[in-house]
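Please consult the sequence and the coordinates alongside the text.

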Amino acid sequence: MSPITHFLGSWAISDATGLAHRDRNLVVWCGLLPDLDGAGIVVDMANRLLFGTETFWYGRFHHSVLHGLPGAIAIVLVVSAFATRRVHVFLWGFAIVHLHILCDLVGSRGPTPFDVWPIYYLGPFSNELTIRWAGQWQLNAWPNVAATLLLIGYILYRMVSAGRSPVSMFSERAHHAVNQTFSRRWQRLRARRGEGHWSKLLGLGGDEACKRGRAVKQENPVE
Ligand SMILES: [Zn+2]
């Protein structure tokens, strides 16, 4: 799957862990870092543009260095070293790296049916446990698009119901700006339609959620 879908999915799971803000962010990084082994694409492009030579770092290393057990252990060991609750981040991170691997196994195929990406579970040390699924769908196939849209919907829901968003990983100020914009829009929509039972059912509180989010932040600076 695309790094964006991995990011949204990792954030949605980290949101449910009950960990503090910093540790949740570290869990999200665990869900993203396996794709670091695809960074060879930058080297390939640079070599082609600058020197006119063809290299194949992307094809050679992507899915074979950080998309297996050794990569998972390396990622969570490094990331959990920065955590407050190291064991929790280690375990959540280990699970989320494996979710990343599973998502790639089912939905990261290239354009033709022959472009199936295998997972070298013991890579880069051994090709013994190479996992390949013939039903792997394309990277831009509808299940991936549907998953991305569902995750965006869930994140918007969390934004208006709990005042949380993945934007806070990068900038608190941007997070509050985005949060306020969506909460105001939700409040306006709610005012136009009345306090419907769907709002109550979903527990959506518009601006109150943003205020609640800010109140939680003031009470607990790491939240
Ligand atoms: Zn991946």
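**The position of His62**

Where is the place of His62? In this predicted model, His62 sits in the loop between helix 4, residues 57–61, and helix 5.

A residue is counted as buried when 20 or more other C-beta atoms lie within 10 Å of its own. His62 has 21 C-beta neighbours inside 10 Å and therefore counts as buried. Not counting residues up to four places away in sequence, His62 touches Asp37, Gly38 and Gly40. Asp35 is 27 residues away from His62 along the chain, and the C-alpha atoms of the two are separated by 7.3 Å.

**Overall architecture**

The chain contains 10 helices and 2 strands. Their order along the sequence is α-α-α-α-α-α-β-β-α-α-α-α.

Of the 223 residues in the chain, 33% are buried. Among contacts with a separation of 6 or more, 61% are between residues 24 or more positions apart.

**The largest nonpolar core**

The largest nonpolar core has 28 residues, and the members that touch the most others are Val27, Cys30 and Ile75. Two or more residues come from each of helix 1 (3–15), helix 2 (21–32), helix 5 (69–80), helix 6 (86–107) and strand 1 (119–120). Helix 6 gives the most to this core, namely 7 residues.

The surroundings of Cys30 can be listed in detail. Leaving aside residues up to four places away in sequence, Cys30 touches Ile75, Val76, Val79, Gly93, Ile96 and Val97.

**Helix 2 and its partners**

Helix 2 comprises 12 residues and reaches 17 Å from its first C-alpha to its last, close to the 16 Å expected at 1.5 Å a residue. Helix 2 is mostly covered, with 9 of its 12 residues buried. These buried residues are Asp23, Arg24, Asn25, Leu26, Val27, Val28, Trp29, Cys30 and Gly31, and they pack against helix 1, helix 5 and helix 6.

How do helix 2 and helix 6 cross, and at roughly what angle? Their axes come within 8 Å and cross at roughly 30°. Angles under 35 degrees count as roughly parallel, and helix 2 and helix 6 are therefore roughly parallel to each other. The crossing of this pair is right-handed. On the side of helix 2, the contact is made by Asp23, Leu26, Val27, Cys30 and Gly31. Helix 6 contributes His88, Val89, Trp92, Gly93, Ile96, Val97, Leu99 and His100.

**Helix 1 against helix 7**

A further crossing involves helix 1 and helix 7, the latter spanning residues 142–162. The axes of helix 1 and helix 7 come within 9 Å and cross at roughly 40°, which makes helix 1 oblique to helix 7. This crossing is left-handed.

The contact draws on Ile4, Thr5, Leu8, Gly9, Trp11, Ala12 and Asp15 of helix 1.

Technical notes
Residues numbered from 1 in each chain as written. Predicted model: local features only at pLDDT ≥ 70, side-chain atom pairs only at ≥ 80, totals over all residues. Core = buried A, V, L, I, M, F, W, Y, C linked by C-beta atoms within 7 Å. Helix = DSSP H or I, 4+ residues; strand = E, 2+ residues; numbered from the N terminus. Contact = placed C-beta atoms within 7 Å. Expected span 1.5 Å × (residues − 1). Axes fitted to C-alpha atoms, helices over the stretch in contact; angles between N-to-C directions. Parallel < 35°, antiparallel > 145°, perpendicular 65-115°, else oblique. Left-handed = near helix turned anticlockwise from the far one by under 90°.
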